[in-house]
Amino acid sequence: MLGFGCGAVGGFMVRGDPADQERTIARAIATGVNYFDTAVQYGNGESEKNLGRVLQKLKPANVVVGTKVRLQPSEFGRIADAVTMSLEGSLTRLGLDRVDIFHLHNPITERGGGSALSVREVLGDVVPAFERLRAQGKIRFLGMTAVGDTAALQQVIDARAFDSAQVVYNMLNPSAAEELPKNYPAQDYGRLFASTKAAGVGVVGIRVLAGGALSGSAERHPIAGPAPEPIGSAMSYDADVDRAHRLMPLVNEGFATSLTEAATRFALSDPAMGTILVGMATPQQFEDALAAVQKGPLPQAALDRLSALRQAFSGEPR
């Protein structure tokens with residue numbers, strides 16, 4: 001299932017043309033895309049405002065809207081108030097009385113520190129704040145972004161406090177689903193899908209194109225954001241692009257018409273995946289993602305070939 005990513009990396013919902021935004025969202029809804037994912041961080045509220053404007057105009061039935069809160073370290077002493085204030089701001093910008101999914105956007109680590117929250121802060125402070133907002137009818141489901149330390153993420157998912165998790169999963173790092181080869185240059189997410197499945201947590205696939213690196217090109221569209229910090233993969237965007245190039249045999253051998261198509265279909269290849277988010281800079285990129293999703297998951301022969309190609313990355317520096 002394809003979700004509509006309203007992020008700042010692609011930039012379409014932050015810096016795109018308003019008429020294009022409206023047309024593309026109308027087209028997405030007409031094709032059955034019903035999940036729209038935004039955050040206050042995307043263009044400092046611009047993405048939420050633009051999504052809100054289009055939804056007010058189109059008034060579609062049955063769309064699901066998710067947004068996020070990222071707490072600043074200065075707010076860690078008053079988490080409940082900060083969470084509430086953030087959501088109120090988001091609802092105002094979106095023009096909604098409630099959002100369907102409210103995601104915690106901070107990294108989660110064992111002990112916290114920096115911009116990360118500790119497992120204890122998440123379960124002891126964030127979750128009760130989210131629960132109060134749910135009781136007030138302002139959110140339907142509790143979500144988390146599964147970035148940070150793998151062990152901490154496992155603990156939070158195992159606690160069964162969240163309904164939904166945004167999980168990093170792509171051709172460069174499939175470790176949420178399968179064991180990585182030895183000394184593989186990526187964060188090991190320790191087969192997180194097994195935990196989400198056991199806990200009944202829905203999965204939203206993020207970074208399915210590794211922030212754009214899996215297009216196989218380092219070129220950015222004029223309205224796209226700068227190359228993002230890699231998450232869970234190499235330590236630099238260029239290293240991700242370089243490894244992406246080495247997966248080109250998938251295209252050359254006819255498994256997909258482009259690397260972007262292969263990456264999009266790969267992300268759907270695990271049954272744990274509920275919705276994948278693909279960010280975009282242009283309406284055409286939405287059409288490309290839709291066409292890829294309509295072709296369905298990659299066949300087993302392609303997955304086997306990909307696995308063999310990835311073996312070569314083992315032992316390389318991250």
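Strands β8 (residues 164-168) and β9 run parallel to each other and pair over five bridges; pairing calls for at least two DSSP bridges between two strands. Helices (H or I, at least four residues) and strands (E, at least two) are DSSP runs, numbered from the N terminus. Ser164 stands opposite Gly202 in β9. Between β8 and β9 the chain passes through helix α7 (residues 192-199), and this β-α-β crossover is right-handed, that is, clockwise from the first strand over the helix to the second when the strands point away from the viewer. On to β10: β9 pairs with this strand in the parallel sense over two bridges, with Gly205 opposite Ile276.

A word on the source: this is a predicted model, in which local features need pLDDT of at least 70 and side-chain atom pairs count only at pLDDT 80 or more, while totals for chains, interfaces and linings use all residues. Residues are numbered from 1 along each chain as its sequence is written, and side-chain values use heavy atoms, with hydrogens and water left out.

Helix α11 comes next. Its buried residues (under 20% relative accessible area, 1.4 Å probe, protein chains only) are Phe286, Ala289, Leu290, Ala292 and Val293. Viewed down the axis of α11, these buried residues fall within an arc of 165°, taken from the directions from the axis to the C-beta atoms, so they line one face of the helix. They pack against β1 (2-5), α2 (18-30), α10 (259-267) and β10 (275-278), with contact meaning heavy atoms within 4.5 Å. Just after α11, Gly296 has a positive phi of about 85°.

Methods. Buried < 20%, exposed > 50% of the residue type's maximum accessible area, 1.4 Å probe, protein only.
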